[in-house]
Amino acid sequence: MDIFLAPLNWFSQNILQNPAFFVGLLVLIGYLLLKKPLHEVFAGFVKATVGYLILNVGAGGLVVTFRPILVALAQKFNLNAAVIDPYFGLAAANAKLDTMGFISVATTALLIGFGVNILLVALRKITKIRTLFITGHIMVQQAATISVFVLLLIPQLQNTWGTWAVGIICGLYWAVSSNMTVEATQRLTGGAGFAIGHQQQFAIWFVDKVAPYFGKKEENLDNLKLPSFLSIFHDTVVASATLMLVFFGVILSVLGPEIMSNTELITNGAYNPDKQAFFMYVLQTSLTFSVYLFILMQGVRMFVSELTNAFQGISNKLLPGSFPAVDVAASYGFGSANAVLSGFTFGLIGQLVTIALLVIFKSPILIITGFVPVFFDNAALAVYADKRGGWKAAAILSFCSGILQVALGAIAVGLLQLSGGYHGNIDLVIPWLPFGYLFKYLGIAGFVLVCLFLLVIPQLQYRKAKDKEAYYKGEVQE
């Protein structure tokens, strides 16, 4: 058994859980299948891998910039609560699994889930699944949290079968949810040939459907008429730097230099009074946000073009008609340049309003906002909403998303009995919170119902498609 598990574990730890090299490997295989010259294969591998690493630098920098401020807010107001952030959520889920004696389940379930996803795509004529979820670090986070959902809420599966149950439902969720984003993403990108494999696929599908009811697509953020002196805000760098200067300026002024110069925070990149004036720290923090956002965009453009071209080889030879489901940040290079900032802003407002209501009504579970959900979920939803329903849809839907992330995140923390954190991403409250209650009250029958529900979704998508061949090609059918 070890002979088979050793290479699988090596692949999981070094490739599958490292999306940059996973994407690079897919590009390499795709170009080989397309019979490209070896120097082009090598160049494609390097560009795709480096592009994804650049994206990681941008995304990681955004998180690192924001996280010390969250810690400082908790210290300032003596908040002892759950942070809705996938990294806090991963730590909380692992701690829960450890106390239950199932800490190794998530890793094995991840491999099973990935295999299930491949099988569903291979049987696409039956399953109607077209997408392969390849965002490894997201799969790690979700496998841990979904393990808690299944093993805690269905005691009958607290055994060897539980690992298989977690793997099967993870694979179904990854395949089905990413498949739901094909048409929306093809519409957004003009047929770029990828789907989304992250933590807001159900939300992207929903936003794509309802956004036209909130506004007109012609009234998008690019076409928004601004006074001449505000026209500079059509430039993403200027808009992001200015918005963050106001945003961070207000928050950091409330916190003050004493809190931000706490030794623990300094080691995590916060304010050091011996090296810098506080005003300059605020200015640098605000502008650094724009730097990382710009870096993220450049990485997206670099790896998406290579992956789109190379995946044609995999789609034609290995998994015909398949689409790679990649990090949601890949969508940011399309649509309005300012939609990302709009989604972040209105999503954050929605979160803060809901947190205030939790405090006012003395909720037993208090939530602290986390950067990853407030930025990546709400920014992406705004990009899709703006494309379909203009700036009004982008503002309203990202605001509503912020409300749901906090309100339902608090309920999820209580349901799963977690300490310190929860995912907070929109898909991990809808649909996973309702799934959790089905597990709790129906047990294994609830698990079966959820699996059947997921399997039915692509069948309904296919049945609704007017042109069945166009469905498999991901062509948008209005």
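A residue is called buried when its relative accessible area is under 20%, exposed when the area is over 50%, and partly exposed in between (1.4 Å probe, protein chains only). Phenylalanine 439 and phenylalanine 447 are both buried in this sense.

The structure is a predicted model, in which local features need pLDDT of at least 70 and side-chain atom pairs count only at pLDDT 80 or more, while totals for chains, interfaces and linings use all residues. Residues are numbered from 1 along each chain as its sequence is written, and side-chain values use heavy atoms, with hydrogens and water left out.

**Aromatic rings**

A pair of aromatic rings is described by the distance of the centres and the angle of the planes. Rings of Phe, Tyr and Trp (its six-membered ring) pair if their centres lie within 6.5 Å; planes under 30 degrees apart count as stacked, over 60 as edge-to-face, and the rest as tilted. By this rule there are 17 aromatic pairs. Two of them are listed here.

| Pair | Centre to centre | Angle between planes | Class |
|---|---|---|---|
| Tryptophan 432 and phenylalanine 435 | 5.1 Å | 80 degrees | edge-to-face |
| Phenylalanine 439 and phenylalanine 447 | 6.1 Å | 35 degrees | tilted |

Helices (H or I, at least four residues) and strands (E, at least two) are DSSP runs, numbered from the N terminus. Tryptophan 432 and phenylalanine 435 are three residues apart in helix 16 (residues 432-442), so about one helical turn separates them. An α-helix has 3.6 residues a turn, so residues three or four places apart point the same way. Tryptophan 432 is buried at a relative accessible area of 0%, and phenylalanine 435 is buried at 5%. Ring pairs also link both residues with Phe149, Tyr173, Phe202 and Phe453 into a cluster.

A charge sits over a ring if NZ of Lys or CZ of Arg is within 6 Å of the ring centre and within 35 degrees of the ring normal. Lysine 125 has its charged end over the ring of tyrosine 472, 4.2 Å from the centre. Lysine 468 lies over the face of tyrosine 462, at 4.9 Å from the ring centre.

**The nonpolar core**

A nonpolar core is a set of buried Ala, Val, Leu, Ile, Met, Phe, Trp, Tyr and Cys residues joined through side-chain atoms within 4.5 Å. The largest one has 149 residues, and among those with the most contacts inside it are Ile169, Tyr332 and Phe439. Helix 15 (residues 371-416) gives the largest share of this core, 22 residues. Leaving aside neighbours within four places in sequence, isoleucine 169 is in contact (heavy atoms within 4.5 Å) with residues including Trp432, Phe439 and Phe447.

**Helix 9 and backbone details**

Eight of the eight residues of helix 9 (residues 182-189) are buried, so the helix is largely enclosed by the rest of the structure. Among these buried residues are Glu183 and Arg187. Glycine 190 follows helix 9 and has a positive phi, near 70 degrees.

Lysine 128 counts as buried, at 10% relative accessibility. Lysine 362 is exposed, with a relative accessible area of 72%.

Isoleucine 430 and proline 431 are joined by a cis peptide bond, with omega about 25 degrees. Proline 431 is in the loop between strand 6 (421-422) and helix 16.
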